[in-house]
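Subject: Structure handover and notes

Hello,

Here is the structure you asked to look at. My notes follow below it.

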Amino acid sequence: MESEPLLTGSINYGSHPDNNDHLEKGSPKTRRLSYSVAAEYCCVGGGDVDLYLQQAVVFIEDAIQYRSINHRVDTNSLRLYRWYYSRLWQWGLGLTIAVVLMLAFIERPSSFSYTSDPRFRPPPWEPPCGLTEGIEIVCLIIFAIDLTTKSYLIGWDEFRKCKWLIVYILAVSASVIDWTLTLSMYCDQNLRVRRLIRPFFLLQNSSLMKKTLKCIKRTLPEIASVILLLALHLCLFTMIGMLLFAKGENPKHNGEWETYFRDLPTSLSSLLVLLTTANNPDVMIPAYSLNRGYSIFFILFSGFGTYFLMNLLTAIIYNQFRGYLLMSVQASILRRRLGVRAAFEVMSCQGRSQDATHSEEHRVRVDASLQVMARVQMKSYYRQAIIKRLQQLSDGCIQWEAFRGLFDELDKDRIKEHPPKPEYNSPLLLKLQLVFSHYYVMIVGNAVALANTILVLDSEKSIAERDDYYMEVINCFFILYYLMEMSLKILAFGWRGYLSYRNNIFDGLLTFCLLQCEIEYTFVLCGCPRNPASRGLMSLWEMVRLVNMLIVVRFLRIIPDIKLMALVASTLVDLVKNLRAFAGILVVIGSCFVRIHYSVMSNSSMENITINFTMECGSYEQLGYWPNNFDDFASSLVLLYNIMVVNNWQVFMDAYTRYTTEWSKVYFVSWWLTSSVMWVNLFVALILENFIYKWDRSVTCSVADVERTGYETTVQLMFREQIQEPTEEELVTQLHQHPHLHLS
């Protein structure tokens, strides 16, 4: 995932005061980049040579991380810039954001209780006044330092153009003011604005989250027509339903009207829930039991709305998301090319002399490039690939096209070379090495794991009903086989070769766990008998279940050996990596909805309504949904997740409508639209793009190739083949717009 850029705007270079007037005479769009520079500009001393190299290092790091190069480029600023993007500061900033978000679980109402059910929940621990406030002010100070550093590095002119930083100032200032008010009221403040602001700190620290948010913003107008059509569809069938199921003279035939179509709000909510299929077929049963023809109404409504309009909405969201993300990736590629070009220009300036010829001015020295690459912070295998290509150059200088081509290595897959197998002199060891490094050994091992898994099928028996002797013998046989397999693989591949395969590490760890559990299990049965249900470190029955679970989990070793399954598994792993932005967006939105509930419906706690209630069938009370409430932050998040899943979400909406106000339906419907319709569909779009990208690249690969190739699927790589390379004119124009470093 790309790192956070200081800016996403336009770009320019380290100024020389005598050249500013000259640069202002022409338009940036019409100026050409001249390589004929003044003698005092490029005939530099040793200190300035080091500055040029340091600038090149930073620009290449910006290119690798898709960052903007719009920042100060003097020596002290570059030192501060690299410290700011160091792993220590970025991890510290991420930890600070996590801490300030986790405060919601500690603050009143605290989530520190073993259950969220108000019928059984003991009084939760409440922090004393000043504890969470003290932690929070430390976090706000760190945010202020972060804001100050960013603002200084980009300069005042660029700061005014960045809306995110302006909002950042307002967020920190408002939080400090609200924090001061809280302390002045001795923590007795009901409405705390800063709690609503906290998710912004997570949002502004991730460029991909910003892109996703912009994508959602730009997608909304595009799907407005489908939303309007969906609303029209809902209103039309609501009016038809109210006329079709009107109140009649016979009370026995009014079940549909009384339950689902009593008035306009009830009718709308009933059909809206049917659109999500959460109350199907309950909503049609009273009418369907009277006349089977009534089913046509509900089938037409859900068929057209759920299967046509909702899927059309998914298709439009996916298409718009993909189009906007493609534009965003195009901008990221431009930043990468611009960073590389900026490094080339600085290094070529460092190598020029007063009497340099025109052809010499278009080159950089290979030795200078090697010095720069040795100082750049990047993944070691990419550094080694670039340095290897540099060392293969016979000429002492390199031109722009060749220099740019060096960084194509960043877009290539990492091919993992396993360590060479150990060499043995013994013929027996050589034969064992040949046999146990063969692919068929994996197949035999998978068959044994499958057979071991089948034996777990009798796990429904209690310990007293199981034949301990035979089961112990069988389990010992399988564990001995696993140990033998592991030992012979280590013999065949060597320690380093064995550990270079992830499935071997997985097998080895589970084998040791199985061996330890089996030894203790045997010791308990033979040497120190005890009641199976007795409590020690682990009861005997729990130990048996743990062994069985480890056996089942070990069968997952078959995944890398089946190409399609390995592809799906690697897609899931990449989703976890790329899901941070989408999960962050959901955390931000969910936190805001929880805070909105506390602000608007603060009297909707279920704690005071657990005694006097009606046990209507299918209601919140009858289903025992008491743990799903808004009594604290943790239970609120679980409740919002349950609504996002949409199964029985009408039960929560009905309960809070009865205990609060009809307007609470707007709250629940808004969350459903935001989470289940918008966010889930964006998530589906990411899954589709990720899987299609991996599928296209692995069609011609074997299982061994998939194992050896380290696919690092980022958003940029997924759209790489559809990206247009920026032209020379675009790069030159952007370079001339840099606010701090001007090239003549």
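In the largest nonpolar core, which has 67 residues, the members that touch the most others are Leu-271, Phe-298, Trp-649, Phe-668 and Trp-672. A nonpolar core here is a set of buried Ala, Val, Leu, Ile, Met, Phe, Trp, Tyr and Cys residues joined through side-chain atoms within 4.5 Å. Buried means under 20% relative accessible area, exposed over 50%, and partly exposed in between, with a 1.4 Å probe and protein chains only. At least two residues of this core come from each of H10, helix H11 (224–244), H13, helix H15 (295–350), helix H24 (563–600), helix H25 (633–645), helix H26 (649–659) and helix H27 (664–698). H27 gives the largest share, eleven residues. Helices (H or I, at least four residues) and strands (E, at least two) are DSSP runs, numbered from the N terminus.

The model is predicted: local features need pLDDT of at least 70, side-chain atom pairs count only at pLDDT 80 or more, and totals for chains, interfaces and linings use all residues. Residues are numbered from 1 along each chain as its sequence is written, and side-chain values use heavy atoms, with hydrogens and water left out.

Around Trp-649

Leaving aside neighbours within four places in sequence, Trp-649 is in contact (heavy atoms within 4.5 Å) with Leu-272, Val-273, Thr-276, Ala-278, Ile-643, Phe-668, Val-669 and Trp-672. There is also a second, separate core of 66 residues, and its members include Ile-60, Ile-97, Ile-387 and Leu-731.

A polar atom of the Thr-276 side chain lies 2.6 Å from the backbone oxygen of Val-273. Not counting residues up to four places away in sequence, Thr-276 touches Val-646, Trp-649 and Trp-672.

Helix pairs

The axes of H25 and H26 cross at roughly 125° and come within 8 Å of each other. Axes are lines fitted to C-alpha atoms, for helices over the stretch in contact, and angles run from 0 to 180 degrees between N-to-C directions. H25 and H26 are therefore oblique to each other. Angles under 35 degrees count as roughly parallel, over 145 as roughly antiparallel, 65 to 115 as roughly perpendicular and the rest as oblique. In this pair, H25 contributes Leu-639, Asn-642 and Ile-643 to the contact, and H26 contributes Trp-649, Phe-652 and Tyr-656. By class, the contact of H25 with H26 has five nonpolar residues, one polar and no charged. Ala, Val, Leu, Ile, Met, Phe, Trp, Tyr, Cys and Pro count as nonpolar, Asp, Glu, Lys and Arg as charged, and the others, Gly among them, as polar.

H9 and helix H10 (residues 207–222) have axes 7 Å apart and pack at an angle of about 110°, so H9 and H10 are roughly perpendicular to each other. Leu-202, Leu-203 and Gln-204 of H9 meet Met-209, Lys-210 and Leu-213 of H10. The residues of this contact divide into four nonpolar, one polar and one charged.

Backbone points to check by eye

Most residues other than glycine have a negative phi, and most peptide bonds are trans. Tyr-186, although not a glycine, has a positive phi of about 55°, and Cys-187, also not a glycine, has one of about 60°. Tyr-186 is in the loop between helix H8 (163–184) and helix H9 (193–204), and Cys-187 is in the loop between H8 and H9. Tyr-186 is exposed at 69% relative accessible area, whereas Cys-187 is buried at 9%.

The peptide bond from Arg-108 to Pro-109 is cis, with omega near -5°. Pro-109 belongs to the loop between helix H5 (87–106) and helix H6 (131–154). Asn-280 and Pro-281 are joined by a cis peptide bond too, with omega about 5°. Pro-281 is in the loop between helix H13 (264–275) and helix H14 (285–288).

Whole chain

The chain has 30 helices and four strands. Of its 744 residues, 48% are buried. Among contacts with a separation of 6 or more, 76% are between residues 24 or more positions apart.

Regards

Methods. A polar contact is a pair of N or O atoms within 3.5 Å; within protein, one must be able to donate a hydrogen and the other to accept it, and residues adjacent in sequence count only if both atoms are side-chain atoms.
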